[in-house]
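Me: Let's go through this one together. I'll ask, you answer, and please keep it plain.

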Amino acid sequence: MAGRPEGEVMAGRPEGEVMAGRPEGEVMAGRPEGEVIAGRSEGATVDRDGTAGVLETDHVDPDRHERIPGEYGQPLNLVGRHRAPEVPAVVAQAAPAATPRRVRVRWVLLGVLLVVGVLAAIARLPWEWSFIDDSALLDVVNPQVRAHGPVGGFVTAAYEMYRIDLTWGLFRPAYWLYVAGFYQLPVGVAHAIRVAMLVTVFVGAVSAVVDRASGQRRAVLTAWTLLAVAANGALFMGIWYPSLQELSALCFVGLGLVARRRPWLLFACWLVAAWFKSPFAWLLLAHGLLLCRRRSERVVGVVMTVSAVATLGGAAVLARTGQYTTAGTQLSLKVMHAHADTALGLLGAPALVVLAGALVFGSRLDRGRDPLAWSLLAGGAGYLVNLLPWRTDAHYASPYLFLVTVGALVALRDVDGLAPRRALAGLVVPLLLSGAVVSDTALNGWSTLTNVTGLRDCVRGLPARSVVGFNRAEAWARLDAIVRAHDPGWTGRVVLVPDGQTAGQVGAERVDRIDYYIHQASYGPGTPALMAGAVVCRTRQSTVYRVR
């Protein structure tokens with residue numbers, strides 16, 4: 001130490017002992033030789049010699065220098081014009097500012113809490129979300145589980161779904177397994193899984209568009225993508241229609257987008273999507289053909305292409321002989337033209353969100369070698385063409401809207417660095433459009449749910465042995481099954497009454513006696529002769545009349 005004769009050791013120490021357990025020659029505080037101490041002028045360094053402990057400098061500012069603690073809290077002396085005061089080396093430090101990593105962690109935690117809150121709210125909702133397939137699928141699964149247990153029931157229910165789809169003409173192996181497992185779950189867990197599927201769709205889209213972007217560009221692309229995908233209102237229908245394959249398949253498309261740098265994993269995810277809904281095979285085919293152009297990924301490209309062709313071929317063969325598919329397919333140019341017009345109208349909101357953002361953000365077409373954008377665009381176009389003889393509206397629209405929207409965003413994600421005001425200005429129109437779509441969709445979902453539960457409670461409260469007519473096809477059978485599920489001893493029945501008729505029907509059976517009549521205006525004008533009595537119940541979508 002300064003002022004100590006050369007070779008003298010510290011009191012009480014044997015010769016050669018090192019200070020505070022440091023090996024001889026160790027650099028103080030891990031600093032390499034010659035490193036400048038924070039807050040000192042250039043040239044102030046710490047000797048690497050562990051025995052000297054001397055700071056040599058010719059330019060030490062007495063008002064700015066730091067105190068460097070030595071052994072037992074004593075300050076090291078300075079060689080030069082000034083010496084450090086003999087005071088304990090306790091230096092107050094200001095609290096570190098929040099780092100970008102901490103800020104990201106806070107946002108992630110906030111997002112997790114929001115998702116958990118939404119899942120908890122969804123889990124408390126009833127299982128009767130709609131008048132489509134759910135109650136019929138429960139009738140398939142529950143008897144098998146009662147007869148064979150959860151595992152055996154899963155196998156036999158999946159086989160039963162396979163047999164049903166042979167007559168319907170549908171190729172969807174993943175859906176057979178989904179039904180056999182999903183409809184065994186507790187109601188809250190099942191609803192939570194559907195919400196998680198929707199979240200996965202958004203996450204996959206953001207992952208593909210944002211890619212390696214950082215900073216403000218990352219934030220702009222994230223917001224733009226979320227708003228564009230949210231403008232696809234049909235996507236949310238998979239929440240209150242749990243039986244729909246569209247959301248289930250899109251969940252696996254989203255997982256494939258997250259795994260896009262691992263071609264084999266992407267292939268597995270997109271194959272599952274195609275086995276939920278066979279038109280997704282067009283996405284698999286497009287991506288496989290594009291990968292075949294790359295030597296390093298040619299093998300997986302060939303496997304994708306062959307799997308896509310096999311899936312489309314199998315679906316076509318089954319559709320030619322299926323009762324459901326042949327009844328719903330119309331190979332008429334007039335019909336297909338009308339369906340194309342419907343699709344173009346539904347593309348309007350997502351397209352406006354994409355174009356508004358591209359104009360303000362100064363997007364440039366991505367001419368990189370990544371084939372993802374073109375795979376998504378070609379897959380979406382193929383999906384739409386596949387639907388033209390069928391239907392392109394309602395929940396059927398969500399897949400092709402998603403694929404085309406995300407494909408366009410990936411192609412246009414090359415945006416300039418933006419000033420904050422310009423970035424916010426570019427999100428105004430997308431926010432307004434998406435907000436309108438989401439709010440309208442949410443109201444429609446709530447109206448659907450309250451219609452089901454309202455009619456359920458109304459019919460359960462009617463007198464014993466009442467015959468209730470309903471003008472909505474399929475819904476009459478679903479309502480009858482829902483009421484019986486809640487009250488197995490219920491003695492009434494719900495029957496179909498086609499518009500304009502006064503008698504009901506159950507299959508080939510004619511039912512002349514109608515005590516109450518449910519009219520849902522969105523499904524037809526109804527039968528005025530049955531709507532002259534007193535109103536018994538009313539929901540947002542339906543009215544129940546007393547007939548007798």
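This is a predicted model: local features need pLDDT of at least 70, side-chain atom pairs count only at pLDDT 80 or more; totals for chains, interfaces and linings use all residues.

Me: Which residues does UniProt list under "transmembrane region"?
Reply: The listing comes from an unreviewed entry, and such annotations may be inferred rather than shown by experiment; positions follow the numbering used here and feature names are shortened. In the model, residues 222-244 are 57% helix and 0% strand, with end C-alpha atoms 27 Å apart. UniProt's list is 107-127, 192-210, 222-244, 264-292, 299-322, 342-361, 373-390 and 396-412.

Me: How many helices and strands are there in the chain?
Reply: Both are DSSP runs numbered from the N terminus: helices are H or I with at least four residues, strands are E with at least two. In this chain, that gives 18 helices and 10 strands.

Me: At what angle do the axes of α5 and α17 cross?
Reply: The axes are lines fitted to C-alpha atoms, for helices over the stretch in contact, with angles from 0 to 180 degrees between N-to-C directions. The crossing of α5 and α17 is left-handed (the near helix is turned anticlockwise from the far one by less than a right angle; clockwise would be right-handed). Helix α5 (residues 215-230) and helix α17 (residues 428-460) have axes that come within 8 Å, and they cross at roughly 35°.

Me: Which residues of α17 meet α5?
Reply: Contact means heavy atoms within 4.5 Å. On the α5 side we find Leu227, Ala228 and Ala230. Their partners in α17 are Pro430, Leu431, Ser434, Val437 and Val438.

Me: Which cysteine does the disulfide join to Cys458?
Reply: A disulfide here is a pair of cysteine sulfur atoms within 2.5 Å, and a search of the whole structure finds one. Cys458 lies in helix α17 and its partner in strand β9 (residues 535-538), so the pair ties together parts that are 79 residues apart in sequence. The S to S distance is 2.0 Å, and the partner is Cys537.

Me: Why is that disulfide called right-handed?
Reply: Look at the S-S bond between Cys458 and Cys537. The disulfide is right-handed because the torsion about that bond is about 85°.

Me: Is Cys458 buried or exposed?
Reply: Buried means under 20% relative accessible area and exposed over 50%, with partly exposed in between (1.4 Å probe, protein chains only). Cys292, at 22%, is partly exposed. Cys458 has a relative accessible area of 7%, so Cys458 is buried.

Me: Which residues is Lys277 in contact with, leaving aside its neighbours within four places in sequence?
Reply: Lys277 lies in the loop between α8 (263-276) and α9. With a relative accessible area of 15%, Lys277 is buried. Lys277 is in contact with Gln245, Glu246, Ala249 and Tyr383.

Me: How far apart in space are Lys277 and Tyr175?
Reply: In sequence, Lys277 and Tyr175 are 102 residues apart. In space, C-alpha to C-alpha, the separation is 8.3 Å.

Note on methods. Residues are numbered from 1 along each chain as its sequence is written. Side-chain values use heavy atoms; hydrogens and water are left out.
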